[in-house]
Amino acid sequence: MSVPLADRVIQLAYDPGISPQGGGLPGLAVLKNVVNSINMFGIIAVVGALAVSLGVWAWGHHTGGHQAEANGKKGAVVAAGAALGLGAANGIVAFFSGLGSQVH
């Protein structure tokens, strides 16, 4: 015997009633501190990578090394993108989490 289409759709739309909530597990504050430290480490590493890339770019430009100049430019753009991603990580996750919570 087949199940009517309306009953199948209702089964697919079941809401389990789960939502993110802080304080449910111990160690949440420690985990936040660890993630904050990883983010800070990443930002510091990006500053170093940007400085090296800009140095390679300048060195390649002044010595006529087109390959080094191109690699320096590429590294600077990648470092800038990484800094943007690291700085915006919390906002990006919050935006998409809020967007996902609106799906019904």
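Helices (H or I, at least four residues) and strands (E, at least two) are DSSP runs, numbered from the N terminus. With that in hand, welcome to this chain, where E69 is found in helix α3.

What you see is a predicted model, in which local features need pLDDT of at least 70 and side-chain atom pairs count only at pLDDT 80 or more, while totals for chains, interfaces and linings use all residues. Residues are numbered from 1 along each chain as its sequence is written, and side-chain values use heavy atoms, leaving out hydrogens and water.

**The overall picture**

The chain has 3 helices and 0 strands, giving the pattern α-α-α along the sequence. Of its 104 residues, 10% are buried; buried means under 20% relative accessible area, exposed means over 50%, and partly exposed lies in between (1.4 Å probe, protein chains only). The chain exposes about 8600 Å², and carbon and sulfur atoms supply 71% of that area. Accessible areas come from the Shrake-Rupley method with a 1.4 Å probe; for residues, only the protein chains shown count as cover.

**Residues in helix α3**

G72 sits in helix α3, which spans residues 66-101. Contact here means heavy atoms within 4.5 Å, and the table leaves out residues up to four places away in sequence.

| Residue | Relative accessible area | Contacts |
|---|---|---|
| G72 | 1% | S53, V56 and W57 |
| E69 | 15% | W57, G60 and H61 |

G72 counts as buried because its relative accessible area is 1%.

A salt bridge is a side-chain nitrogen of Lys or Arg within 4 Å of a carboxyl oxygen of Asp or Glu. The structure holds 1 salt bridge. K73 and E69 are separated by about one helical turn because they are 4 residues apart in helix α3. E69 is buried at 15% relative accessible area, whereas K73, at 37%, is partly exposed.

**A nonpolar patch**

Which residues form a nonpolar patch on the surface? They are M40, I43, I44 and V47, with about 380 Å² of accessible area together. Patches are made of residues with over 30% relative accessible area and no salt bridge, joining like charges within 9 Å and nonpolar side chains (Val, Leu, Ile, Met, Phe, Trp, Tyr) within 5 Å. I43 belongs to helix α2, residues 28-63, and counts as partly exposed because its relative accessibility is 34%.
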